[in-house]
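Visitor: Could we go through this structure together? I would like to ask about a few regions in turn.

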Amino acid sequence: MRKLSVVLVILVLSLQCMLAQERQITGKVTSSEDGLPMIGVAVMDRQSMRGVATNVDGEFSIRIDERTKSLQFTYVGYKTMEVPITGNSLTVVMEPDFVAIDEVMVVAYGTGKKSTFTGSATVVKSEALEKITTSNITQALQGQSSGVQVINSSGQPGDSGSILIRGIGSMNASSSPLYVVDGVAYDGIMNAINPADVESMTVLKDASATALYGSRAANGVIMITTKKGSSEKGQINFRSTWGYSNLAVDLPRALTPEEFTVLTWRAMRNGRQDQGYNADDSNQYATNYLKNELKINPFNIDQPVGLNGEMDPNAQLLFWGDWRDEILKSRLRQEYNLDFSGKNDKADYFFSGGYVNDKGIFAAQKFERFSLRSNLNYQVKNWLKVGTNTSLSHAVREVWLDSRTIWFLRTISPTYPVYVWDPATGDYKQDGNGNKIYDYGDDRTAWTAWNPLADAAYNPSPETTNNISTRNYLEITFLPELKFRTNFSVDHFNQTYDGYTNPEYGYASGYGGEVYKEIKQNISYTINNLLTYDKTFGDHRVNVLLGQEAYSMHYKYLQAAKRGLPFLGLTEIDSASEMASMRSYYDKYRLLSWLSRMEYEYKDRYYVSGSFRTDGSSRFHPDSRWGNFWSLGASWRISNEEFMSSYHWLDNLKLKASYGAVGNDQLNTYYAYQGLYATGNNDYSEAGVNISRLANKDLKWETNLQFNVGLEFAIFNKLSGEVEWFKRKSKDLLFGMPMAPSTGFSSIDRNIGDVQNQGIEFQLSYTPFHSKDFRWNIAFNGTHYKNKITKLPQDEINAGYFKWREGESRYNFWGIEYAGVNPENGRDQYWKNIYEKVGDEEILVDREKTENYNEVTSDKHKKYLGDAIPKIFGGLTNNLYYKGIDLSFMLYYSIGGKLYDGDYAQMMSYRTGYSMHPDMLKGWSESNTNASLPRISTYYSSYMGSYTTKFLYDNSFLRLRNLTVGYTLPKSLTSRFDINSLRLFVQGDNLLTLGSAQKRGTDPEQSVSGTTGNRFPTTQSISFGIQLNL
Amino acid sequence: MKKIINSIRFTGLVALVALMVTACSDFLNTTPSTSVADTDVFNTIAGAQAALNGSYYHMRAYNGGGANREDDWGIPTIQMMSDVFGEDMIVWNGWYGYDYNYWGHTRGDIFRSSQLWRFHYRLINNVNSIIAYTDNCSGSETEKQHIKGQAHAIRGWAYFNLARLFQQTYIIAKNMPGVPIYLEPTNDQTEGKPRGTLEETYKQIVADLTTAETLLEGFNRGSRINTFDQSVTQGVLAQVYQVMHNWPKCEEYAKKLLNKYPLTTNEQYTGGFSDETVPSWIWGMRQTEEQNMHDYSPFAMWANGTRSCYTFQCFYLADVFVDYFDESDIRFQQIERWWGIIWASYKFRDKDDCRGSIVFMRTEEMLLAAAEACAYQGKEKEAKELLWKLQEMRNATRTEASGNDLLEAIWLERRKEMYGEGHALFDLVRTQKPLVRAGNHDAYGGSHQFPARSWRFIFQIPNTELLNNDALVDDIWPAGDQNPYSGEYKP
């Protein structure tokens, strides 16, 4: 702190109070597009940093310094103009900027001009975001920015997309970016942010852009900026959509009961044969015992399948379960947003309210959110400005559809009825009201006591989230160039889960049902003090930022459950009789930081910036908790050089480069360095502890060294673009260094290992036409990166589906190579390596096919099978406007990258009680010896779904992310009703998906690692909307 | 200028307040709320006792083997798994069904092997700390001695289980690989240990258990039936010597317990095996309202329609096994033919609150071990007297056979008396029997036949161990340290 005060004093003292002559300038600003006056254009005297805005007639009046030679005119969407002062009156014609060079954007701890920025960042604006129907803003980012990989692997209403910026920066700690909302790191719930309130999202990608976020910046930063009042004329906006959704990629078709029964018979018959019995015996065995294997026989006869393996013609299906259709039903999604905004010379305001009710596609699925926001800025004194951005949201979610339900849907046998069957009456049982009764399937072999529909109906278990986020500041202007700002922000959420299992139906009926309450409460605050100095001296401009910050997070968890409810309908703990469980814990996480940045600019051509931050984190041992993070960046605006002035068509040409070090402290625990015994391991009522963690004092930050070089250009005011090359080197990576499980631990965390992500990304924007009636814009972006492990604590580490080795990608699959089906007997074959012993070494000499899986399980028969990371991915956006009609679409593409389809694999072998994929019908048989799928058999079933290349696929895909068609009613019509604009539109999300995964009934968007997990897949939707501006 | 001064004052104030909040020196020191530092555990004898309590908890806790499944519940899981590997039970489609039908659960890349491995080694690491640090605690020497004694007993027992699950039986596989032995608490420098030989593993087992027996002299566990006291230790020693064919010792230890504990009366036998106060119970566990196996206890698996809570009803008895019982046998009266197709057993019936206790060791096992030891030593008369004592009480026909037939009779009696108590797999391996699944196993997918000493009875070492333990060679024995998955072991 002492250092800071000294600097402050010196800065203040060094300032000179200069008195100068002043004079008045007036003028008018019009648009080159239609010649109409422009309202709200910022007019700035850069010498005195004094500014005004044009009025409704496009007129302005400003007092300027005697020495001022020119005035600067800026307006969003128009090219910034520097107009030389001639006389006391000016007429200015502004030209729309289709290549957006002079855009002001949000950067770390402030704002900056895109044209002078030395780092790498992409701004995604609300117009692009609002085209995606989503309740979670992170999902809307997909395909909008180069360098950003968004995987929307969940179709649950309100779920987040998973986001990676420029590759995988960590092996074991988090690879997710830092979210910053209105200038301060966000600790609230992502889906508490109403996407309609968001003005823009800025993705900061390199160290020059992110270094001020120090220890949390290694994976990039996503800055979410909410709207503020910008029009002197008050605005009222109303937007609403109504729509229905479906699965974007439908689950694989369910087997019919007959197909399932016949397949079961085949598995038994073949299994019997594989045990050495002859064909006749095996057929007889399968026919005789099929009913035991089925356990629930839905047919009217004991032996529904004959000795020939076909359904007995006399077999009649008595009951079955059409689970898919019963469970998945499209339901209404509705959204309403209303906001009021405006400003005057002292204040600006933005108030909004939103309501969304997304019922998803499953009986009990729901995401309902109420949100309110107030963004206010006020100039209290001419030296003091205060402001607040405060939002409040209340959301209720029904969370029944977890991965188990998807697993259920994929593997529930159609022979299990949804409703209770009564063999006595030969019909489904009915309750007193004539309704069918849900069957929990107590006698089933698999999915015993499960019925998601019944659970949805009987066991409503909402999760309620209240989120308050507030950003507050006061800013003191000592001198136009010297400002001090204190920010105080708080994020608070309170998440309550009201779990309930009814006492009468289902598995909990034995103990009278259960009430399960859970409360998660988090409060985090950030305080920072920032001093900025920004001054232009002739051709030089200097900007200095000094700051200090403290962050503190407090997370509390409380859970209790009781069992034994006397009646249906009671859902509180007080009503239940027996304690079932009770837990609580409390976590704290803190950071203390000092930060600084300096920017220098010469002649609007050369820019240099450097930042430095030091962070102390509570996650590390006192000896290793402080880390330093920094960056250096420079850019050269070639197009502003005098020797380039003859090239009028060249609007912008800029070369930039940056290098820096940022950190990652997001380990999986807050107390990673401490050797611990976990409490609660009690021997009945005697308190007990067990070893839970080995002491690890040297654990420290992961550091990410990032290099970026880029070229930006804009020509003919039509085409603009950017190409960047990056290299991210993460070092001191946290590794769970595997230990032999016999030591009692499976791994220990160590800072050993480096990984590198190197890639190239581009974005292009082309505006072939732009007039009042006809506008057309195409944007295209793509990213390619390669991930490479450059240092490991040991030669190689086996990590599930992958093997980590220096020089290889983190997600390069490693395993057994499948060698196809043996056409002679229908068995799976695998490649087995043959080694020869030469001296002490074994040398690989050949390979051969084997049917014995156990011969190839050791590592020496395995190989690298391909990388899960796509070769290139990105988006193509097209926006077209013609006389009130607008059409836009966005295609998201991802080429290359492997997917291990475990969701499919789990359906590709016979397991008692579980259903299978319809592809199983195409398996090998005596009459189908060319089959690509093996012969079904109980005897080999434990191998058929094993992890080999059998289920590893190229996961290239193309998705029509959105398609919007809108019509804005003619102003001549709407103005009669005092309506500024009224637009009606139809919006479709994920209407089309192409790729190999889709053919298997698997959604291609699964995970970065290219593995599946019975995720609830992304949905497609069609909605109708209205947008009204008053 | 005044404006500037005003604003500077104001700023100073704001900055000062903000800094005061954050500048405290211990701002960055945070500690977990539900864990304690390892350095704080072994200061007092109470801390050592807490660590020991944790180990007892582990032995019956959910997810002790890291499988995170409802068939990962410590000892009860090992018991159920062992039982369904044998010939006597049928699992009709339910939990442990994949163990029953030999689907492949002994494979090193399927969860079961790793679950068994981790369960024991986590326990071993916990007790290693107790053995290493208890002496540093302040407290009475006797208490320390008893805590250490229990820790040694637990460690010996854990290595004994590992040795039996991961290798062929001792007398034919003495020189085969054993299991890695760790005697010191693991720290961040600990390296994986080699398998050594099975003989070395048994040396450690016997050393631990005999040390424990001495240290536990005078230790009274009170009503804590799950606690290792001298008796439990002696019982485990009897089992160990039985596996080692050290018959005099086996007889000696079995008889130590026969002299201390009464047999289970018929009334107690038919009482449902859920009451830990039955005096013949040497070792077992309780379930309480707070700590229980929910609906995954053995009681929830047995099909007999008596449990008041949800029951999976998947454990039945095989035809051929039921045929062994005399009709007059009180144990036969516990068995009932259901739907004309399968036998249900009433032997295990839960308490009304579904929190029945589970037996791990009881006097009859010791009686039969003593009988077996006598028979092996040629003391057939005594062997028969012991056997008859049980047979008469249960109203079964006396065995008159001798020689090998007598041994067979004793082994059969073990099955009849103790089915469902976790012995089947261990006995199959120990007595080197083939698996002959005849009769109605066929109808439930269980008709597997494997020769004696089949590798299918032995678990493979988890793959993660082979990959991460530098002392092991990742290849199938005899080329490496991995157990074969199938085939017959020929000593």
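Guide: One term is needed at the outset: two residues are in contact if their C-beta atoms, placed from the backbone, lie within 7 Å. Please also keep in mind that this is a predicted model.

Visitor: Noted. What covers the buried residues of helix 7 of chain A?

Guide: The cover includes helix 6 (323–327), helix 8 (452–458) and helix 9 (902–905), which belong to chain A as well.

Visitor: And which residues of that helix 7 of chain A are buried?

Guide: Helix 7 spans residues 403–411 of chain A, and its buried residues are Thr405(A), Ile406(A), Phe408(A), Leu409(A), Arg410(A) and Thr411(A).

Visitor: Where is Arg397(A) placed?

Guide: Arg397(A) belongs to strand 21 of chain A, which covers residues 384–398.

Visitor: Why does Arg397(A) count as buried?

Guide: Arg397(A) counts as buried because 24 C-beta neighbours lie inside 10 Å, and the threshold for that class is 20 or more.

Visitor: What does Arg397(A) touch, not counting residues up to four places away in sequence?

Guide: With those set aside, Arg397(A) touches Gly158(A), Lys366(A), Phe367(A), Pro462(A) and Glu463(A). As for Tyr500(A), 103 residues away along the chain, its C-alpha atom and that of Arg397(A) are separated by 14 Å.

Visitor: Let us turn to the sheets. In what order do the 5 strands of the open sheet in chain A run?

Guide: The order is 10-15-16-13-14, with mixed pairing. Strand 10 (121–125) and strand 14 (184–185) of chain A are at the edges with a single partner strand each, so one side of each has no neighbour in the sheet.

Visitor: Parallel or antiparallel for strand 13 and strand 16 of chain A?

Guide: Parallel: 4 bridges join strand 13 (residues 178–181) to strand 16 (residues 221–226) of chain A. Val180(A) has Met223(A), in strand 16 of chain A, as its bridge partner.

Visitor: What do strand 40 and strand 41 of chain A form?

Guide: They form a hairpin with 2 residues between the strands, and Gly800(A) in the turn has a positive phi of about 60°. Strand 40 (residues 796–799) and strand 41 (residues 802–805) of chain A run antiparallel and are joined by 4 bridges. Ala799(A) stands opposite Phe802(A) there.

Visitor: Now the contact between the chains. How many residues does it take from chain A and from chain B?

Guide: Chain A supplies 77 residues and chain B supplies 76. Strand 28 of chain A gives the most to the side of chain A that touches chain B, with 9 residues. The residues on that side of chain A divide into 36 nonpolar, 31 polar and 10 charged.

Visitor: Which strand of chain B does strand 32 of chain A pair with?

Guide: Strand 32 of chain A pairs with strand 1 (residues 35–37) of chain B, in the antiparallel sense and over 3 bridges. Leu676(A) stands opposite Ala37(B) in that strand of chain B.

Visitor: How many helices and strands are there in chain B?

Guide: Chain B has 18 helices and 9 strands. Its C-alpha atoms fill a box of roughly 115 × 50 × 50 Å along the principal axes. Of its 491 residues, 56% are buried.

Visitor: Which residues touch the most other members of the largest nonpolar core?

Guide: Ala254(B), Ala370(B) and Ala371(B) do, in a core of 142 residues. Helix 6 (residues 141–165) of chain B gives the most to this core, with 11 residues. Domain 1 (45–219 + 451–491) and domain 2 (230–422) of chain B both give residues to the core, so the core lies between them. A second, separate core of 77 residues includes Ile361(A), Ala363(A), Ile797(A) and Ile816(A).

Visitor: Finally, helix 16 of chain B. How far apart are its end C-alpha atoms?

Guide: They are 21 Å apart, which agrees with the 21 Å that its 15 residues (404–418) should span at 1.5 Å a residue. Its buried residues, among them Leu406(B), Ile410(B) and Met418(B), pack against helix 14 (363–376), helix 15 (380–393) and helix 17 (424–430) of chain B. Just after helix 16 of chain B, Gly420(B) takes a positive phi of about 80°.

Definitions and conventions
Residues numbered from 1 in each chain as written. Chains lettered and ligands numbered in written order. Predicted model: local features only at pLDDT ≥ 70, side-chain atom pairs only at ≥ 80, totals over all residues. Buried ≥ 20, exposed ≤ 12 C-beta atoms within 10 Å, placed from the backbone. Nonpolar A, V, L, I, M, F, W, Y, C, P; charged D, E, K, R; others polar. Pairing = 2+ DSSP bridges. Expected span 1.5 Å × (residues − 1). Core = buried A, V, L, I, M, F, W, Y, C linked by C-beta atoms within 7 Å. Domains from an automatic or database assignment.
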